[in-house]
Amino acid sequence: MCDDLPDEVFVESDLKTEYITILKESNKLVKHLAEDIENLQNALKEAQARNAELQAKLELYYETGVSNISRFTFRTYVKAATGRDETQSEWIHFIHNFTYVEKGLSKKIYEWIDYHVLKKW
């Protein structure tokens, strides 16, 4: 650092020691702040990923089928029944072929999935 500076550069040797101490403390602070910045950047990336995930879910809510059954809701049922997300063709088929009922809606959706998704219409 500045250990190799000649003593003639400084009026007093105490000034050189003080300067070196200040420089070392400044370097520690810079390293600490660099770590903080890296941690904040990582947290920002995680928040952006979470936001993208929530945005995707929101878009699924916007995409609504028969009698306000959202694609997100349909996905939940398909995932419960099959362990995977619905396909685009299954969603379109559901929109065009499902008959809404007020009583026993969940049962009717599962019956529809059993017949149309698991048996692959």
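## Helices and the model

Helices here are DSSP runs of H or I with at least four residues, and strands are runs of E with at least two, numbered from the N terminus. Tyr61 belongs to helix α1, which covers residues 13–62.

The model is predicted, so local features need pLDDT of at least 70 and side-chain atom pairs count only at pLDDT 80 or more, while totals for chains, interfaces and linings use all residues. Residues are numbered from 1 along each chain as its sequence is written, and side-chain values use heavy atoms, leaving out hydrogens and water.

## Helix α4

Helix α4 spans residues 105–118, which is 14 residues. From first C-alpha to last it reaches 18 Å, close to the expected 20 Å; the expected span is 1.5 Å times one less than the number of residues.

Buried means under 20% relative accessible area, exposed over 50%, and partly exposed in between (1.4 Å probe, protein chains only). In α4, the buried residues are Ile109, Trp112, Ile113, His116 and Val117. Seen down the helix axis, these buried residues fall within an arc of 105 degrees, so they line one face of α4. The arc is taken from the directions from the helix axis to the C-beta atoms. On the other side of α4, Lys107 and Tyr115 are exposed. The cover over the buried residues includes α2 (71–82) and α3 (88–97), where contact means heavy atoms within 4.5 Å.

Ser106 is also in α4 and is partly exposed, at 37% relative accessible area.

## Salt bridges

Side chains of opposite charge can pair when their charged atoms come close. A salt bridge is a side-chain nitrogen of Lys or Arg within 4 Å of a carboxyl oxygen of Asp or Glu. The whole structure has nine of them.

In helix α1, Arg50 and Glu53 lie three residues apart, about one turn of the helix. Their salt bridge has its closest N and O atoms 2.8 Å apart. Arg50 is partly exposed at 42% relative accessibility, and Glu53 is partly exposed at 39%. In α4, Glu111 and Lys107 are four residues apart, about one helical turn, and their side chains meet in a salt bridge at 4.0 Å, N to O.

Glu90 pairs with Arg84, with the closest N and O atoms 2.7 Å apart. Glu90 is buried at 0% relative accessibility, whereas Arg84 is partly exposed at 30%. Arg71, Arg75, Lys79, Asp85 and Glu86 are linked in a salt-bridge network.
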